[in-house]
Amino acid sequence: MTLYDFFLSSCAYRVRLALALKGLSYRQVSIDLGKGAQFARPAEADIGQPQVPVLVIDGIALQQSLAIIECLEERHPEPRLLPADWQGRARVRGIALAIACDMQPLANLRVSRHAVMLAGDEGAATAWYDRWLSPGFAALEAQLSTEAETGAFCHGEAPTLADICLVPMIFAAHRFNIDLDPYPTLTRIDASCRRLSVFRQAAPAAQPDFDPARAPAPRADDLLEPIGP
Ligand SMILES: N[C@@H](CCC(=O)N[C@@H](CS)C(=O)NCC(=O)O)C(=O)O
């Protein structure tokens, strides 16, 4: 398998997490979004919109992180990324889609660049991210802090597709200097995930194309020893 990836891409981070949780190895090809490489992807990855991730399996290019992860779940069912019960699957997919459909698209590079262009002010990006991401985090915090299904992770005691979407969205928020203090449940879950070795493996800082000069400063818990296999 080949993953067309970029260390700062939160959507590619989702796919890296799914691959790591399932113990699948792959070849990474970096598409530097900051340098416009998404507009000149190699032919085998040239599918859909000019973006990452693209995962190529047996010569077939797959697009859209959630569709890619569902495909991995079908081909490699264990460990499960979706609960066994339909109610749990609906809840996990609901959390994942709240992030993937209602939050991340508004923080995408081409969208924020357009907002900056219309405002004529580089500083407008921060206000833009805050305007669109904070209400999404607030809604998730209200849900996850009150529902009995929330455990150490978004849904119970093992990571699911919901955590796979949450952790990269919090990474992006940290990068965009969004205040995360109002969301203690989300930051607790994010911290539990990021202590796991398997999450560390997929983290931006562990990628071959990682560039510290373009990455946000590490968080204090990034410096703690990872736990688990
Ligand atoms: N819905 C897509 C979104 C993919 C996406 O937005 N990718 C971003 C990086 S996170 C990208 O490649 N952006 C390039 C650009 O905006 O020019 C998915 O989940 O895969």
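The legends below describe an overall view and several close-up views of one predicted model.

Residue numbers start from 1 along each chain as its sequence is written. Local features require pLDDT of at least 70 and side-chain atom pairs pLDDT 80 or more, whereas totals for chains, interfaces and linings use all residues, and side-chain values use heavy atoms, with hydrogens and water left out.

**Figure 1. Overall fold of the chain.** The chain comprises nine helices and four strands, where helices (H or I, at least four residues) and strands (E, at least two) are DSSP runs numbered from the N terminus. Their order from the N terminus is β-α-β-β-β-α-α-α-α-α-α-α-α. The radius of gyration is 17 Å, which agrees with the value near 17 Å for a compact globule of 229 residues; it is taken over C-alpha atoms, and the globule rule is 2.2 Å times the number of residues to the power 0.38. Along the principal axes, the C-alpha atoms fill a box of roughly 45 × 45 × 35 Å. Of the contacts (heavy atoms within 4.5 Å) between residues at least 6 apart in sequence, 69% join residues at least 24 apart.

Figure 2. Buried residues make up 50% of the 229 residues, buried meaning under 20% relative accessible area, exposed over 50% and partly exposed in between (1.4 Å probe, protein chains only). There are 21 positive and 27 negative side chains, and the centres of the two sets lie 3 Å apart. Lys and Arg count as positive and Asp and Glu as negative, without His and the chain ends; each charge is placed at NZ of Lys, CZ of Arg, CG of Asp or CD of Glu.

**Figure 3. Salt bridge between Arg 16 and Asp 5.** A salt bridge is a side-chain nitrogen of Lys or Arg within 4 Å of a carboxyl oxygen of Asp or Glu, and 12 are counted by this rule. In the pair shown, the N to O distance is 2.8 Å. Arg 16 belongs to helix α1 (residues 10-21) and Asp 5 to strand β1 (residues 2-5), 11 residues apart. Asp 5 is buried, with a relative accessible area of 0%. Residues in contact with Asp 5, beyond four places away in sequence, include Ala 12, Gln 28, Val 52, Gln 207 and Asp 209.

**Figure 4. Salt bridge between Glu 147 and Arg 91.** The closest N and O atoms of this pair are 2.6 Å apart. Glu 147 counts as partly exposed because its relative accessibility is 29%, whereas Arg 91 is buried at 9%.

**Figure 5. Salt bridge network including Asp 190 and Arg 194.** The closest N and O atoms of Asp 190 and Arg 194 are 2.9 Å apart. Shared partners join Asp 190, Arg 194, Arg 219, Asp 221 and Asp 222 into one network of salt bridges. Asp 190 and Arg 194 lie four residues apart in helix α8 (residues 184-195), about one turn of the helix, and both are buried.

**Figure 6. Surroundings of Ser 10.** Ser 10 lies in helix α1 and counts as buried, with 11% relative accessibility. Leaving out residues up to four places away in sequence, Ser 10 touches Gln 104 and Pro 168.
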